Amino acid sequence: MKIKLFFVWLAVGTAGWAQSGANSGQIVGQVLDPSAAAISGAGVSILNKDTHFKRTATTDKTGRYAVSDLPLGPYVVSVNANGFETSAQDALVTLGSSVSVNFSLPLAGKTESLEVTGNDVPGLEPTTSAPKSILTDLQIHELPSQGRRLQNMVVETPAAIIEPECRGFSISGQKGIYSYVSIDGGDYDSTWGCGIRARSESAPTFGLGALQEVEVIRNTFSAEFGRSTGGQIQMSTKSGTNEFHGSGFYLFRDGTLSALNAFGQSPIATVNQFGGSVGGPIQKNRTFFFSDAEFQFGSKPVQVIYSLLNTQGLSNTPSGQALLAAAPEGTFSAISNSQSVINRVDHTFSGRNSFFGRFDFTRTLQTNSPGATNLSTGLGLASTTTSAASNQVTQPDSNYTVLGQVTSVLSSTLLNEFRVQFSREVRPRINLGEGPQVTVNNTQNGSGGTVAIYGTAPAGSWGNLGFASTDNREQAVENLSIVNGAHTAKIGVDYQYISGSADYNQTAGGAYTFNSLAAYLARSSAQYTQFTGSGLVDLTIQEVGAYIQDEWRIRPGLTINPGFRYEAQVNPNYYPATAAQNRYPGATSIPSDTTMFAPRLGIAWDVANNDKTVIRAGGGLFYAPTYASLFAQSLLFNGGNPDRGYSVSITNPTAINSAFQSVGVNLATAPLNNLPVFSSGQYSELLAAGTGLNSVSYFDPHFRNPRALQWQIGMEHQFARGITLSENLSYINTVGVARERDTNLGPPVVDSTGRNIYSNPRPDPQFGVTAITEPAGRSLYRGMTTSLNVRRSRYTIDVYYTLSWNVSYDDAERGFTSIRYADVNDIRSEYGYSNLDERHQFQANGNYFLPHGFEIGTTMHVNSGMPYSALVGYDINLDGQNTDRPVLNGAMLRRNTFRNYGFKDISLRVQKNFRLYQERKQLSISAEFFNLANFANVQLAGAAFTYGAGQMPLAAFGQLRNPAGQYYTYNVAGDPFQAQLGLRFRY
């Protein structure tokens with residue numbers, strides 16, 4: 001309550017302050033006379049060329065001016081002063097930009113020719129200290145459209161990847177859940193998932209036709225922004241103008257326009273994408289609208305193939321035949337459909353007050369098919385799977401957002417913003433099978449790996465599409481910008497109320513894991529898990545941020561950006577216990593984090609004060625929120641609320657058989673296509689008997705959010721107008737990363753290889769695996785990015801190369817069975833290369849305008865492989881986790897010792913434009929070619945990670961091909977060459 005009262009007082013006491021720059025930019029400059037002396041009191045007028053939106057300013061005693069919070073677009077900046085000629089220049093305001101427009105006014109009566117600067121070539125922004133990249137309207141809509149997904153847009157910026165676990169945006173080596181996504185200044189993060197709301201592996205989730213710009217700030221962003229130790233991904237939507245403009249498009253591709261992948265499989269069946277947009281004035285110079293609607297209908301055949309049965313010669317064995325009888329191979333049709341509708345209205349009440357509002361709606365429907373590649377250019381679905389049709393899931397998703405902002409000019413030096421947003425996401429889940437999930441491995445054979453999975457996919461399994469959930473976010477932002485001479489200060493508060501519910505009934509139907517086909521036939525399971533209870537969890541999280549940020553142009557050419565931010569996260573706590581005797585003693589409280597203080601400082605030095613060479617540096621503290629899923633597992637599985645969730649996990653075959661026998665079930669004779677699960681009554685008997693099968697999760701009562709110390713330094717030089725080269729060094733040291741650890745293991749016994757074996761009884765026999773969520777992880781990122789940016793009237797080119805080193809303790813994104821260490825008594829040895837350590841990243845894109853209406857857009861990616869760990873393949877140390885690594889010569893192999901293969905892609909878009917009978921109407925025909933060179937891009941997966949328990953690796957470990965030179969099909973094949981045809985009409 002004290003926290004709430006404090007922030008209410010702060011909001012009132014500051015007359016309404018909050019973030020700016022999230023959906024706007026600013027123009028700054030200096031006005032001098034012919035002798036380079038400052039002109040004080042000069043009038044500066046800034047007029048938007050598309051909407052006639054106008055703002056004014058007056059220069060101070062040093063001739064400086066600044067106009068902040070400008071809507072994006074082209075402007076005319078004009079200056080008039082007594083005794084001097086009026087002069088004007090063009091300027092282009094981009095998202096989060098600080099555009100420098102300086103004047104040297106000729107004396108009255110001595111008019112000099114003034115070259116007006118073109119608005120299509122942005123300058124160096126000599127007052128900006130943070131490294132960032134902008135994707136313009138041209139790049140968003142004219143580069144090769146890889147499924148029209150935002151994921152593929154963001155990776156066109158440096159140090160940005162789609163991270164491999166939850167497919168979120170990883171910026172500068174940080175976890176996907178630690179990047180902040182906003183659209184028009186409103187939070188667009190997912191509460192339960194990772195990355196953008198309504199995220200889909202295979203379909204667009206926000207219409208690209210509505211986007212005007214995408215900005216990615218890699219690190220050391222200003223105190224205006226928070227909730228991230230990673231990058232800030234900010235997007236702005238288009239607004240209408242004084243002219244009616246619109247477009248319509250249709251894109252088509254299918255298997256006949258594609259090559260086969262490295263495994264000889266067709267990458268896609270049919271994808272149709274179409275949509276259109278329209279915008280214009282409702283009342284000229286005053287009220288404007290913009291609407292965009294886009295749709296996708298896609299499908300592809302997915303083959304269920306148990307390839308290991310054939311490669312290991314097991315298809316005709318009794319165990320192989322038993323598997324095929326219980327879960328036949330076959331083909332099913334995966335679908336990926338979406339619709340996205342975005343509407344925006346802008347209105348100017350007067351010269352001092354304006355408003356814009358946005359309503360967007362997205363709906364997706366997709367069938368799960370594991371194995372999608374991170375940069376998929378197709379549906380994002382694998383062509384084959386070892387998961388039977390009964391293990392598939394259909395998941396619809398609906399997302400709604402309403403956002404509104406009022407901007408008020410209070411005086412010549414004060415500007416106020418007030419922004420509110422409400423968003424809701426509904427994500428149900430439809431299982432396509434019945435009965436327990438059954439996973440059949442064959443780790444005792446020379447090739448190892450997963451043979452087949454069938455039965456109901458566990459809800460909450462991140463390998464599938466997740467659990468049913470709802471997600472509501474309410475956000476209020478208030479802001480005051482103060483321009484006073486050399487200072488442009490911003491002070492603000494930002495409040496979010498997050499409420500969500502989830503139906504996390506993981507393995508409600510039970511889940512068996514068999515380590516070999518022989519064990520499968522004998523019903524000798526290596527692991528059995530089962531959940532009981534409602535699985536329902538409801539929680540709320542409150543996030544508050546308050547900041548003060550100053551841009552102090554301390555002298556010509558030197559700007560410092562000091563800032564300070566405070567954040568607090570008020571977390572949910574445990575439900576009142578309905579079975580207090582069963583609650584784990586450590587589950588006492590889930591703390592809120594109210595100690596997140598973040599000082600920051602940035603410096604921008606225009607070395608010669610001529611907008612040619614700028615040195616940028618910055619540093620400070622940054623914090624990331626804790627995601628709802630981590631809280632959910634402790635709220636459900638602390639033991640004290642069996643009505644909501646209990647989970648049994650048994651990892652010993654004898655113990656599993658004994659547990660079923662104790663309730664009168666003979667597992668050895670059970671039918672393989674209908675293996676038994678515990679009824680609620682039998683489950684209660686097991687728990688009442690104190691068998692220690694109940695797995696629990698709880699929060700460290702001293703838990704704190706992740707926090708990062710960051711610094712960066714870089715230099716940018718403009719060789720000629722529109723041609724810049726920059727070099728940037730980044731350092732991000734993140735501590736307090738959430739990690740899972742089992743606190744209920746007895747002292748180990750060392751075996752003959754030197755491995756710790758946890759065969760002793762658990763200290764608390766009432767519980768099994770007892771996972772604490774603690775802020776004990778760490779990651780360290782160091783990166784160097786080289787950027788070349790070229791802007792010319794007939795072509796644009798961006799080239800980026802990033803060399804980085806990324807190490808960490810643990811790369812689990814969220815909770816839910818995310819213990820990743822191999823030995824709880826040797827966690828320090830886990831510190832090594834991160835799963836996100838993509839050492840070399842090269843990206844390039846370009847747009848070219850050729851004679852006769854031809855246009856070319858191209859993208860190129862060359863990325864090195866990410867690390868992977870060698871795994872034994874089963875729980876050899878008996879700690880209840882299948883994370884064991886080989887012990888060689890008395891020492892365990894370190895985490896992520898080995899490297900996967902890299903990724904290469906070149907894509908091309910060719911377009912021919914036809915002017916119609918009216919000059920402003922245009923018809924375009926396009927052809928897009930993805931993976932033009934047909935790179936195989938095969939990645940190691942599945943059995944290729946299984947080393948085995950011996951001193952020598954299994955035959956397939958780290959191998960793409962078998963001895964006969966054929967690809968192992970449990971690896972993942974990249975998308976082959978594909979072509980897409982398109983038609984677009986613009987007016």
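I began with an open sheet of five strands, in the order 9-14-15-12-13 with mixed pairing. Strand 9 (132-135) and strand 13 (186-187) are at its edges, and each has a single partner strand, so one side of each lacks a neighbour in the sheet. I took strands (E, at least two residues) and helices (H or I, at least four) as DSSP runs, numbered from the N terminus. Two strands count as paired if DSSP finds at least two bridges between them.

The model is predicted: local features need pLDDT of at least 70 and side-chain atom pairs pLDDT 80 or more, while totals for chains, interfaces and linings use all residues. Numbering starts from 1 along each chain as its sequence is written, and side-chain values use heavy atoms, without hydrogens and water.

Next I looked up a pair inside the sheet. Strand 12 (residues 180-183) and strand 15 (residues 232-237) pair in the parallel sense over four bridges. I183 has M235 in strand 15 as its bridge partner.

Then I turned to a hairpin. Strand 2 (residues 43-48) and strand 3 run antiparallel, joined by five bridges. L47 is opposite K54 in strand 3. Five residues lie between the two strands, and H52 in the turn has a positive phi of about 65 degrees.

I went on to the cores. A nonpolar core is a set of buried Ala, Val, Leu, Ile, Met, Phe, Trp, Tyr and Cys residues joined through side-chain atoms within 4.5 Å. The largest has 52 residues, and Y306, L323, V451, Y454 and Y520 have the most contacts inside it. A second, separate core has 28 residues, including A502, Y504, V696 and I772.

I also checked S315, in the loop between helix 4 (307-311) and helix 5 (318-326). S315 counts as buried because its relative accessibility is 16%. Leaving out residues up to four places away in sequence, S315 touches L309, N310, G320, Q321 and L324; contact means heavy atoms within 4.5 Å.

My last stop was I925, in strand 51 (residues 922-930). I925 counts as partly exposed because its relative accessibility is 43%.

Note on methods
Buried means under 20% relative accessible area, exposed over 50%, partly exposed in between (1.4 Å probe, protein chains only).
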